[in-house]
Amino acid sequence: MGAFKDDSEVYKYIGGVFENGLADPEVGPKLKGSGVVLQITYTDPDSVLTVDFPSGEVHTGPSDLTPHVELFMTADTGNRFWLGKVNLSVAMAKGQVRAKGPVSKILKLVPAAKSLFPAYESLLERDGRDDLLKA
């Protein structure tokens with residue numbers, strides 16, 4: 001059993017960090033300028049996030065959007081990434097994260113994502129989610 005209780009928590013926390021990033025005056029333009037539609041399929045709990053960077057929208061659950069890049073991982077791996085504990089390239093090499101599509105497009109966004117790590121941690125702290133912070 002993963003640290004997230006259900007898919008709504010994945011959407012609240014991981015989806016929320018994408019929403020915050022897209023709304024951020026410094027990070028948002030970098031993300032939107034990527035032109036990428038990213039879909040992440042999580043397991044444990046099963047959940048799907050589709051991030052349409054150009055339009056600045058985060059879709060939860062099944063989506064009609066066609067992603068440029070797809071990532072597949074456990075929700076715990078996603079949580080650990082946003083805590084700065086997972087290097088995406090290494091996780092792909094180890095098979096912890098599977099990718100489909102031009103991965104280089106996503107790897108170019110990692111530096112912008114790293115600037116959101118403190119905001120993700122603050123969100124978990126605000127909600128008293130020590131279980132997710134210690135994952």
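Arg126 counts as exposed, at 60% relative accessibility, and its salt-bridge partner is Asp127, with the closest N and O atoms 3.3 Å apart. The model is a predicted one, and six salt bridges are found in the structure. Side chains of opposite charge can pair when their charged atoms come close. The points below take up three of these pairs in turn.

**Arg126 and Asp127**
- While Arg126 is exposed at 60% relative accessibility, Asp127 is partly exposed, its relative accessible area being 28%.

- Through salt bridges that share partners, Arg129 and Asp131 are joined with Lys5 and Glu9 into one network.

**Glu70 and Lys100**
- A salt bridge links Glu70 to Lys100, where the closest N and O atoms are 3.6 Å apart.
- Because Glu70 belongs to strand S4 (residues 69-74) and Lys100 to strand S5 (residues 98-100), the pair ties together parts that are 30 residues apart in sequence.
- Glu70 is buried, with a relative accessible area of 16%, while Lys100 is exposed, with a relative accessibility of 51%, a value that lies over the 50% cut-off for exposed residues.

How values were computed:
Residues are numbered from 1 along each chain as its sequence is written. This is a predicted model: local features need pLDDT of at least 70, side-chain atom pairs count only at pLDDT 80 or more; totals for chains, interfaces and linings use all residues. Side-chain values use heavy atoms; hydrogens and water are left out. A salt bridge is a side-chain nitrogen of Lys or Arg within 4 Å of a carboxyl oxygen of Asp or Glu. Helices (H or I, at least four residues) and strands (E, at least two) are DSSP runs, numbered from the N terminus. Buried means under 20% relative accessible area, exposed over 50%, partly exposed in between (1.4 Å probe, protein chains only).
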